[in-house]
Amino acid sequence: MNRPHVTLKLATSLDGRIATAAGESRWITGEAARAQVQKLRAETHAVMIGVGTARADDPELLARTDPPPRRQPIRVVLDTEFSFSPSGRLFDSLDRATLLIIGAADGDKSRREALEAAGARTAGVSRGPVGIDAEAALVALWDHGVERVLCEGGGQLAASLLVAEVVDRLEWFRAPIVLGAEGRPGVGPLALTQLSQASRWRRVALRELGPDIWESYERVS
Ligand SMILES: NC(=O)c1ccc[n+]([C@@H]2O[C@H](COP(=O)([O-])OP(=O)(O)OC[C@H]3O[C@@H](n4cnc5c(N)ncnc54)[C@H](OP(=O)(O)O)[C@@H]3O)[C@@H](O)[C@H]2O)c1
């Protein structure tokens, strides 16, 4: 299967949470970690999120580096029913970067057309166990010329990609706070029944960024 190289970025509390139960996530990590994420964006071809994050955070997903990247990454939202409202910061910044919304091929046609009329590109792929099929979404990205994609969450999308075994690298930023079990998990349910089923990772770098820790991992199995 031809698909892009996938990096999953997580910015979590010490106990692996990406937001409070109410969805508050700005800002878990500090300035230096956030600046590093901007560099990761500037180095990739596409930045991908689930529609849950698009709704909760209203992000722009632009790479804000100095100097700015030669080309902004394509912003990608996985949105099965094309139900995302065609407004907000992703749409306000269409003059600066492409927005691609990937949903189900049999997803709502009129909503899909509304997103296109507002300036987004769309692609339709097969459905998966959760939302759209993660691998099919990656193949669609490859067909759009994307060779490297940075996934920025949320937890459900991170879990889908891990279950599909398509994550090649983890960039994990960990802040010295604890949010507890009611916080939103950085990685959603994986449906593992045995420890031996857990994916294994080899740490390839470990750095301090102000108060935070930045770990990089490559997949072992
Ligand atoms: N700390 C951080 O850096 C950080 C980063 C990102 C997000 N967050 C936080 O995380 C929360 C959102 O995370 P979330 O887990 O609720 O949502 P999410 O993973 O962003 O989006 C999940 C939604 O995406 C759609 N989807 C389509 N295909 C999918 C697939 N293959 N796998 C998974 N989802 C798919 C589904 O909705 P449909 O079925 O409707 O398509 C699903 O409900 C927010 O509170 C946000 O602030 C924090």
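Visitor: In which sense do strand S1 and strand S7 pair, parallel or antiparallel?

Guide: This is a predicted model. Strand S1 covers residues 5-12 and strand S7 covers residues 148-151. Within this pair, Thr7 has Leu150 in S7 as its bridge partner. Four bridges join the two strands, and the sense is parallel.

Visitor: How many bridges link S3 and S7?

Guide: Strand S3 spans residues 46-50. Ala46 stands opposite Val149 in S7. The two strands pair in the parallel sense, and the number of bridges is three.

Visitor: Which strands lie at the edges of the open sheet?

Guide: Nine strands make up this open sheet, with mixed pairing, in the order S6-S5-S4-S3-S7-S1-S8-S11-S10. An edge strand pairs on one side only, and this applies to the strands with residues 121-125 and 201-209. These are S6 and S10.

Visitor: By what angle are neighbouring strands of this sheet turned against each other on average?

Guide: The value is an average over neighbouring strands of the sheet, with direction ignored. On that basis, the angle is 20°.

Visitor: At about what angle does H6 run to S1?

Guide: Helix H6 comprises residues 155-163. H6 lies across S1, S3, S4 and S7. Helix H5, residues 134-143, also lies across these strands, together with S5 and S6, and runs at about 135° to S6. For H6 against S1, the angle is about 140°.

Visitor: Which element gives the most residues to the shell around the ligand?

Guide: The shell holds 32 residues, and the closest are Gly50, Gly52, Gly131, Gly153 and Gly154. Elements giving two or more residues are strand S2 (17-19), strand S3 (46-50), helix H2 (51-57) and helix H6 (155-163). With five residues, the element that gives the most is H2.

Visitor: How many residues of the shell around the ligand are polar?

Guide: By class, the shell has 12 nonpolar and five charged residues. Gly counts as polar. The polar residues number 15.

Visitor: Why is the chain described as being as compact as a globular protein of that length, and what is its radius of gyration?

Guide: The chain contains six helices and 11 strands. For 221 residues the globule rule gives 17 Å, and the computed value is close to this, so the chain is as compact as a globular protein of that length. The C-alpha atoms fill a box of roughly 45 × 45 × 35 Å along the principal axes. The radius of gyration is 17 Å.

Terms used:
Residues are numbered from 1 along each chain as its sequence is written. This is a predicted model: local features need pLDDT of at least 70, side-chain atom pairs count only at pLDDT 80 or more; totals for chains, interfaces and linings use all residues. A residue is near a molecule or strand if its C-beta atom, placed from the backbone, lies within 6 Å of it. Two strands pair if DSSP finds at least two bridges between them. The radius of gyration is taken over C-alpha atoms; the globule rule is 2.2 Å times the number of residues to the power 0.38. Axes are lines fitted to C-alpha atoms, for helices over the stretch in contact, and angles run from 0 to 180 degrees between N-to-C directions. Two residues are in contact if their C-beta atoms, placed from the backbone, lie within 7 Å.
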